[in-house]
Amino acid sequence: MKCSIALCAILVALGSPAEARITAVVIDRIEPFAEGMPFGDVGAYERVIGTAKGELDPADRRNRGIVNLDKAARNARGMVEYDTDFFVLRPADESRGSRKLLYEVNNRGRKFLTHWLMDAPPANANDPRTAEDAGDGLLFRMGFTMVWSGWDPDAPRGNNGMAMHVPVAQADGRPIVRTIRDELVSGTRAPEAATFKLSYAAASLDTAKARLTVRAKEAEPERAVPADQWAFVDERTIKLLPDGTKPAPGALFELTYDAKAPKVLGIGFAATRDLVSYLRYAERDGRAPHPVGGIKAALAFGISQSGRYLRDFIAQGFNQDEAQNRVFDGVLTHISGVGRVFLNAEFGQPFRTNTQHEDHLMPEN
C-alpha cells in the first residue's frame, strides 16, 4: 500500500526515555514481499520503506563522544536533528514471527544480507522484492524481522542505496577549515579516470596553497607534482595537466590541502543506536502503523566495512541508548580484518579501507 505523510507519520513524544530520541517515522510504502508467498509457519512478509527523524542532546553523556556535535546547529529545544533512510522486511502477521530483529549495517549504502546469508542472487540484494531475492529463505522461515538504515551521509543513494542527512559543523557560525590529507588512486578499486574526487571541498582552488605528491608504492619516497602540472576542476575535483593526462594505474597520489565544511559524521552511530532502540522499546502509536512490533531481541551483522563499523559502535559506547537500554544482544562481524571505521572524526573518511597497496596511513586500523 502507498502511504501519505498524514497517514504514515508516526509522531513520537519527545523526551520519553524509551523512545530513544526518534521524533518521527515516515512510512512511505508498505507492500507485499514475494507477492505474499508464505515462508513456512511464519507466512508472508512485507516490505516497509521510509525515513526516521531523530534528535540528539549534546549534553547527554552518551552523545558527548560524537565529534563536533556541540558545533552543529540546534533546534528550539537545543537538540541536533538528523534523518535517515530505513528499510524493513517483516512478517505480515507479527504474531507468527520470532520477535527477533536482525539489523544489517549497510556497506557503502549497499545491502548484502540476502546474498551472503541466504544465497540470493547479488543483483537485487539492494532492493529485495521477489521469491528469488529471498534465496533459500532461511531467515524468513525463522521469522526474523530484517532492518537496514543509513549511517553514512555520503554513501551513494543510486541503485536503492541508503544514506542519511546530518548537519555541517561550524565554529562560531563560520565554516570550519582544516589542513587534511587525501590519498588518491586510479585503476585499483575504481576504474581508471582522468580526474580525482576529493573527500571534502577545498577552501581554495589555488594549487600553490596545496601540495600534491605521487609514488608508485606507499614505501617509496614521495615525488612532488609541480603546481603547474595539476589543477582544481572545482572544489571537489582535481586533474593532471596538460588536459587529458591520465594518472598511471595504481600510482598513489597524496593531496594536502585546506578543506572546509565537515559533516558531523559520528551522528551515524547514534542514528543506528536510536532507531534500533526505538524499534525494540518504543510503544505503538495507534495513529499509524509501526515499522515493527513485539521485538524481544536484536542482533547485528556487518560485512567488511560494516563489520568494522560495528566494532567502533560497541567500543565507542553506542550499544546503550540514552535510557540505558541495551541496543544489540549479539553482533557478528565478517571479513572485517582488524580494522575500525574512520567515521567519528572532524574530517572523517569512512570509505577508507587499508589494503595491500593503499590507505596504509589512514586511521582505519
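**Close-up views of a predicted model**

**View 1. Helix α5 and the elements packed around its covered side.** The buried residues of α5 pack against α4 (267-281), β18 (297-303) and β19 (330-334), as seen in this predicted model. The helix itself spans residues 305-315 and is mostly covered, with eight of its eleven residues buried. These buried positions are Gln-305, Ser-306, Gly-307, Arg-308, Tyr-309, Leu-310, Asp-312 and Phe-313. Just after the helix, Gly-317 adopts a positive phi of about 90 degrees.

View 2. Apart from neighbours within four places in sequence, the contacts of Asn-344 are Gly-65, Ile-66, Val-67, Gly-266, Phe-269 and Gln-316.

**View 3. Asp-127 and its polar contact with Arg-47.** The loop between α2 (113-118) and α3 (138-141) holds Asp-127, a residue that is buried at a relative accessible area of 16%. The side chains of Asp-127 and Arg-47 are joined by a polar contact of 2.9 Å. When neighbours within four places in sequence are left aside, Asp-127 is in contact with Arg-47, and also with Phe-87, Asp-133 and Asn-160.

**View 4. Trp-230 in strand β15 and the residues around its position.** Trp-230 is part of strand β15, which runs over residues 230-234, and with a relative accessibility of 2% Trp-230 counts as buried. Leu-240 is ten residues away from Trp-230 in sequence, while the two C-alpha atoms are 4.2 Å apart in space. Beyond neighbours within four places in sequence, the contacts of Trp-230 include Thr-207, Ala-210, Leu-212 and Val-225, together with Ile-238, Lys-239, Leu-240, Leu-241 and Leu-255.

**View 5. The cis peptide bond between Leu-241 and Pro-242.** Leu-241 and Pro-242 are joined by a cis peptide bond, for which omega is about 0 degrees. Pro-242 is placed in the loop between β16 (237-240) and β17 (252-260), and Leu-241 is one of the residues in contact with Trp-230.

**View 6. Ala-224 in strand β14.** Strand β14 covers residues 223-225 and includes Ala-224, which is partly exposed at a relative accessibility of 45%. Leaving out neighbours within four places in sequence, Ala-224 is in contact with Leu-212 and Thr-213. Between Ala-224 and Gly-54 there are 170 residues of separation in sequence and 46 Å in space, taken from C-alpha to C-alpha.

**View 7. Positive phi at two residues other than glycine.** Glu-35, in the loop between β2 (22-33) and β3 (45-56), has a phi near 55 degrees, a positive value in a residue other than glycine. With a relative accessible area of 32%, Ala-261 is partly exposed.

**View 8. The largest pocket and its lining.** The largest pocket has a volume of about 860 Å³, and of the 33 residues that line this pocket, Ala-190, Lys-197, Ser-199, Phe-351 and Arg-352 are the closest to its centre. At least two lining residues are supplied by each of β10 (177-185) and β11 (195-197), and the largest share of the lining, four residues, comes from β10. Sorted by class, the lining comprises 13 nonpolar, eight polar and twelve charged residues.

**View 9. Confidence along the chain and at residues 1-19.** The chain has an average pLDDT of 92, and 93% of the residues score at least 70. Over residues 1-19, however, the pLDDT is below 50, and this stretch has 53 contacts in the model beyond near neighbours in sequence.

Methods
Residues are numbered from 1 along each chain as its sequence is written. This is a predicted model: local features need pLDDT of at least 70, side-chain atom pairs count only at pLDDT 80 or more; totals for chains, interfaces and linings use all residues. Side-chain values use heavy atoms; hydrogens and water are left out. pLDDT is the predictor's confidence in each residue, from 0 to 100. Contact means heavy atoms within 4.5 Å. On a 1 Å grid over the protein atoms alone, a cavity is a set of points where a 1.4 Å probe fits but cannot get out, and a pocket is an open set with protein on both sides within 12 Å along at least five of seven lines; lining residues have an atom within 4 Å of a point. Grid points are joined across faces, edges and corners, and a volume is the space filled by probe spheres set on the points. Ala, Val, Leu, Ile, Met, Phe, Trp, Tyr, Cys and Pro count as nonpolar, Asp, Glu, Lys and Arg as charged, and the others, Gly among them, as polar. Buried means under 20% relative accessible area, exposed over 50%, partly exposed in between (1.4 Å probe, protein chains only). A polar contact is a pair of N or O atoms within 3.5 Å; within protein, one must be able to donate a hydrogen and the other to accept it, and residues adjacent in sequence count only if both atoms are side-chain atoms.
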